[in-house]
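Work through the exercises below with the model open. Try each task before you read its solution.

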Amino acid sequence: MENGAKQETAKIVLPDGTEIEVPLLQDASGAKFLDIRKLQPSTGLCTFDPGFTSTGSCDSSITYIDGLKGVLLYRGYDVEQLAECGDFNDSAHLLLHGELPTAEQKAAFDRDLTLHSLVHEQLIMFYRGFKHDAHPMAIMVGVAGALSAFYANAADVGNPQQRLHSCIRLIAKMPTLAALAYRTATGLPIIYPRNDLGYAARFLHMMFAFPTQPYNVDPVLSRALEKTLILHMDHEQNASTSTVRTAGSSHANPFACIASGIAALWGPAHGGANEAVLRMLEEIGSPERIPAAVARAKDKKDPFRLMGFGHRVYKSFDPRARVMRRVAHEVLAHLNITSDPLLEIAMELERVATHDPYFVQRGLYPNVDFYSGIVLRALGVPVSMFTVLFAVARTVGWVAQWNEMAAQQQIAPKISRPRQMYTGHMQREFAPPHADAGADGPAVQASREITKQVSSRERPSIAS
Ligand SMILES: CC(C)(COP(=O)(O)OP(=O)(O)OC[C@H]1O[C@@H](n2cnc3c(N)ncnc32)[C@H](O)[C@@H]1OP(=O)(O)O)[C@@H](O)C(=O)NCCC(=O)NCCS
């Protein structure tokens, strides 16, 4: 607010007729927010917003989304330009530091992301402890969390230098952790990161090379992966990012916070959607069965939904999907894939659903996961690794958001602690119905005594 300008407010009339003024805040895009921070302390009232569809949980200068117009900006730059014209490290530097790097900064950042890509040898032993058929996301939750045991000093989140160091380590090590999850689960020899390769190429090499023979990374495929990673880097306050911020608000170790983000990302309604897309295409099985699948998705009595369609925020088109669609077609053409049955089903499903009034009227367009599943399959990435790749990319956003949150917490500490609308029993007498306690047994009598004592005490007004 400009000096001297009157603070805009909204008036709310409470059930008892009292009128209160709630300040209105405005963000950089002009969007307005009711500032209800003082609502509960001053009136005892809370707002109710499961799923946080109308609630801003933080202020952030990292990512901007206009869901109606299909716009996604990282620090003010269009994600499409970053993916098409920039490289992974530029976008990661931008998200983390706020600006694209100078030549000097770029050299230092490239060097950091390269040199920190190795993991402690002892961490590699953790992979042996997992069952042979463990899902790679389960492994990733475990090993990312385990990093906190290797970097205990990272817990000093009040130290900006240490924070940045943790962010760099996480971005640099994630592809190594991911490739290790695949190689160890499949019994393949592990491949160490190669310093002469870029971020995406290094990952492909660790995934697909063998120590017994040379492996040349295909530059078209590594560029396709790089674009995919850039498009998935950040997406403001989604479920996993909010989870990372919530975990971090208690000043937890950053590696543990990122593990919590990986866990939140895993579900099919979030990062697991790209895997769910491929599973759905397999289930559909042939283009002739598409109309039946679409009919099921439209049937309100059937919980089946078309995976890879619709988005909580984008109601016209997902801008990342536009780029990913191009990337998908480029990769298929480069690899000369003309007869993959799943890809045929995907292309036909895209055509049918984007012309169906049910999907068009509800703004249910193919989202980024629909096409990224196709690209990753064409790159030879196993389906169970799709969400892992998403986690690798999203780590950049997670650490940038975590770092921003931690810096804000230094000025105004505030642990994330939502309220709830309680729908359970109010206080009842402890009287277990099982036989030996009995209605007048010693346990019940002792409980009555405690009730008497508790009810004679004054209750604290605010829950911890
Ligand atoms: C992403 C998603 C969770 C967003 O959900 P949301 O914003 O809460 O939207 P809603 O669940 O309120 O859906 C709005 C309407 O579209 C329908 N709808 C949403 N996604 C649908 C889908 N994939 N298939 C069929 N119908 C769908 C809902 O049934 C609802 O219909 P109604 O208005 O007649 O009741 C949801 O679209 C979905 O489940 N998509 C599939 C999973 C996916 O691809 N997730 C990755 C997201 S990047």
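Predicted model: local features only at pLDDT ≥ 70, side-chain atom pairs only at ≥ 80, totals over all residues.

Residues are numbered from 1 along each chain as its sequence is written.

**Exercise 1. The whole chain**

Task: Describe the protein chain by its elements, extent, burial and domains.

Solution: 
- Begin with the elements: the protein chain has 19 helices and six strands. Both are DSSP runs numbered from the N terminus, helices being H or I with at least four residues and strands E with at least two.
- Next, the extent. Along the principal axes, the C-alpha atoms fill a box of roughly 80 × 65 × 55 Å.
- Then burial: 37% of the 464 residues count as buried. Buried means 20 or more other C-beta atoms within 10 Å of the residue's own, exposed 12 or fewer, and partly exposed in between, with C-beta atoms placed from the backbone.
- Now the domains. An automatic or database assignment sets the bounds: domain 1 is 9-47, domain 2 is 68-424 and domain 3 is 426-464.
- Last, the spacing: 37 Å separates the C-alpha centres of domain 1 and domain 2.

**Exercise 2. The sheet**

Task: In what order do the three strands of the open sheet stand, and how do they pair?

Solution: 
- The order is β1-β2-β3, with antiparallel pairing. A pair requires at least two DSSP bridges between the strands.
- β1 (9-13) and β3 (32-34) are the edge strands; each has a single partner, so one side of each lacks a neighbour in the sheet.
- Neighbouring strands are turned by 35 degrees against each other on average, direction ignored. The axes are lines fitted to C-alpha atoms.
- Look at β1 and β2 (residues 19-26): five bridges join them. Ile12 stands opposite Ile20 in β2.

**Exercise 3. Helix α8**

Task: How many of the 10 residues of α8 are buried, and which helices do they pack against?

Solution: 
- α8 spans residues 199-208, and nine of its 10 residues are buried.
- Among them are Tyr199, Arg202, Phe203, His205 and Met207.
- The buried residues pack against α3 (88-97), α4 (103-115), α7 (160-185) and α9 (219-231).

**Exercise 4. The ligand shell**

Task: Which residues are closest to the ligand, and how does the shell divide?

Solution: 
- The ligand is surrounded by 15 residues, of which Ala273, Arg305, Phe309, Gly310 and Arg312 are the closest. A residue counts if its C-beta atom, placed from the backbone, lies within 6 Å.
- Seven are nonpolar, four polar and four charged.

Note on methods. Contact = placed C-beta atoms within 7 Å. Axes fitted to C-alpha atoms, helices over the stretch in contact; angles between N-to-C directions. Nonpolar A, V, L, I, M, F, W, Y, C, P; charged D, E, K, R; others polar.
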